[in-house]
Amino acid sequence: MDRSIMKLYLVTDSTGLDDKVFLKKVEDALKGGVTLLQLREKEKSTREYIALAEKVHTISKKYNVPLLIDDRVDVALAIEAEGVHLGQSDMPIDTARKIMGCGYIIGATAKTVPQALEAYKNGADYLGVGAIYPTTTKVKTVLTSTETLQSICEAVPIPVNAIGGLNKNNINVLENTDIAGICAVSAIMKADDAKKAAEELFDAEEDILT
């Protein structure tokens, strides 16, 4: 897949936000330069997830940014999203590929080189690797060193993005790694101005991406 769409990957967090505020944050972030979008909802029912995903997809299509659905192959297919992102406890990647076919993006979470190699072998299009720093969006955070991150980059030919507590002030730790981009959550979703936050992250990446 095209590495350029991995540069600034927003993973959403709707915690404490009503739909109107949430959707505005998402659109502002897209205006600010987000290149790939993942809708992540852990608590919503299937019907609620689909309803929100349809609204988000309407916005993302306006900016020609692919929308991925976290965990849920059924939701992705229901709204004709561009793909899914699967964690280590979600549907196996090769199973998702059988269901979805080749026309969809399937991303995977990996924290080790063996996990990365398995995901690539099973058909993942890209990897999200981390957490690089502790995060506020997950209760249990297993940190990944930049050395492991680079080893994963070297082990697989697909794009690798760093994720976990990253913001404009700390992404310099990723210098000299071969990542395709970063995944941001709180740095954008919890910012007062999501557009400005996305712009600043996008610009900060210019100095670290090779």
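How many helices and strands does the protein have? The answer is eight helices and eight strands. The model is predicted.

Figure 1. Buried residues make up 49% of the 210. Take the contacts between residues at least 6 apart in sequence: 61% of them join residues at least 24 apart.

**Figure 2. Surface and charge of the protein.** The accessible surface comes to about 9,900 Å². Carbon and sulfur atoms account for 50% of that surface. The protein carries 24 positive and 31 negative side chains. The centres of these two sets lie 4 Å apart. Side chains of opposite charge can pair when their charged atoms come close. The structure holds 10 salt bridges. The next views show some of them.

**Figure 3. The salt bridge between E206 and K7.** The closest N and O atoms of this pair are 2.1 Å apart. The two residues come from distant parts of the chain, 199 residues apart. E206 belongs to helix α8 (residues 194–206). K7 sits in the segment before β1 (8–11). E206 is partly exposed, at 47% relative accessible area. K7 counts as buried, because its relative accessibility is 11% and buried means under 20%.

**Figure 4. The salt bridge between K62 and E27.** Here the N to O distance is 2.8 Å. K62 lies in helix α2 (residues 46–62) and E27 in helix α1 (residues 19–31), so the pair ties together parts that are 35 residues apart in sequence. Is K62 buried or exposed? K62 is exposed, with a relative accessible area of 57%. E27 is buried, at 17%.

**Figure 5. The salt bridge between R97 and D125.** The closest N and O atoms lie 2.7 Å apart. R97 is part of helix α4 (residues 93–100), while D125 is in the loop between α5 (113–121) and β6 (126–130), so this pair ties together parts 28 residues apart in sequence. R97 is buried, with a relative accessible area of 17%.

**Figure 6. A network of salt bridges.** Which residues are linked in this network? They are K42, D70 and D71.

Note on methods
Residues are numbered from 1 along each chain as its sequence is written. This is a predicted model: local features need pLDDT of at least 70, side-chain atom pairs count only at pLDDT 80 or more; totals for chains, interfaces and linings use all residues. Side-chain values use heavy atoms; hydrogens and water are left out. Helices (H or I, at least four residues) and strands (E, at least two) are DSSP runs, numbered from the N terminus. Buried means under 20% relative accessible area, exposed over 50%, partly exposed in between (1.4 Å probe, protein chains only). Contact means heavy atoms within 4.5 Å. Accessible areas come from the Shrake-Rupley method with a 1.4 Å probe; for residues, only the protein chains shown count as cover. Lys and Arg count as positive and Asp and Glu as negative; His and the chain ends are not counted. The place of a charge is taken as NZ of Lys, CZ of Arg, CG of Asp or CD of Glu. A salt bridge is a side-chain nitrogen of Lys or Arg within 4 Å of a carboxyl oxygen of Asp or Glu.
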